[in-house]
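Hi,

Here is the structure I promised to pass on.

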Amino acid sequence: MTAENHALRLEAVGKEYRQGENRLTILKDAEITLAPGEMVALVAPSGAGKSTLLHIAGLLDRPDSGEVHVGGVACGTLGDEARTAMRRHAIGFVYQFHHLLPEFSALENVMLPQMIGGLARKDAAVRAQELLDYMRIGARSQHRPAEALRRRAAARRHRPRSGQLAARSPRR
Ligand SMILES: Nc1ncnc2c1ncn2[C@@H]1O[C@H](COP(=O)(O)OP(=O)(O)OP(=O)(O)O)[C@@H](O)[C@H]1O
Ligand SMILES: [Mg+2]
């Protein structure tokens with residue numbers, strides 16, 4: 001596979017943090033190569049550097065050494081504006097905390113990044129509805145996140161049926 005058709009490639013990535021006098025080496029010569037459509041789970045103990053690596057791979061932080069290629073583009077020398085454009089068009093972030101704006105409907109929340117990405121309001125609405133339909137929540141496009149949160153809070157008050165496990169994923 002050539003560098004151009006990698007979805008993501010981390011090449012000899014290094015990252016250190018300073019704590020007073022001490023230097024903490026978090027990543028040393030980290031190598032990752034992902035093909036388009038490849039699904040990967042990053043599993044390591046707490047404090048191992050997962051978030052540090054994801055921030056660097058997502059162009060939210062810069063490594064001290066090495067290079068990050070996104071879709072074949074070497075990102076180390078790109079300026080902040082080009083990296084922001086790269087994040088907007090080539091990278092998707094799904095956060096544990098949803099960061100939805102409570103005063104907007106589901107449709108409007110999904111429209112916002114489309115409009116920031118350059119779509120006119122009408123086209124953004126069409127695209128947002130397509131995305132909600134794809135996620136099978138199209139029928140709820142006019143709901144506000146706060147309503148869903150209230151329903152979730154109400155649902156939480158019901159005890160699970162015996163034999164069922166109520167679980168949530170860990171933070172971050
Ligand atoms: N800004 C920072 N300054 C100094 N040390 C930091 C900073 N950010 C992270 N660290 C340290 O770097 C190490 C790796 O942190 P990181 O958050 O990447 O781990 P993680 O694998 O995501 O852990 P968790 O599973 O708890 O989320 C930890 O020891 C952490 O304390
Ligand atoms: Mg983490």
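Below is what turned up, starting with the ligand and moving on to a pair of helices.

Quick housekeeping: this is a predicted model, where local features need pLDDT of at least 70, side-chain atom pairs count only at pLDDT 80 or more, and totals for chains, interfaces and linings use all residues. Residues are numbered from 1 along each chain as its sequence is written, while chains are lettered from A and ligands numbered from 1 in the order in which they are written.

Ligand 1 has 13 residues around it, and Y17, S46, K50, S51 and T52 come nearest (near means a C-beta atom, placed from the backbone, within 6 Å). Two or more residues each come from β1 (8-19), β2 (22-34) and α1 (50-57), with α1 giving the largest share, three residues. Helices here are DSSP runs of H or I with at least four residues, and strands are runs of E with at least two, numbered from the N terminus.

Now the helices. The axes of α3 (residues 106-116) and α4 (residues 121-134) come within 8 Å and cross at roughly 120 degrees; the axes are lines fitted to C-alpha atoms over the stretch in contact, with angles from 0 to 180 degrees between N-to-C directions.

One last thing: just after α3, G118 takes a positive phi of about 115 degrees.

Cheers
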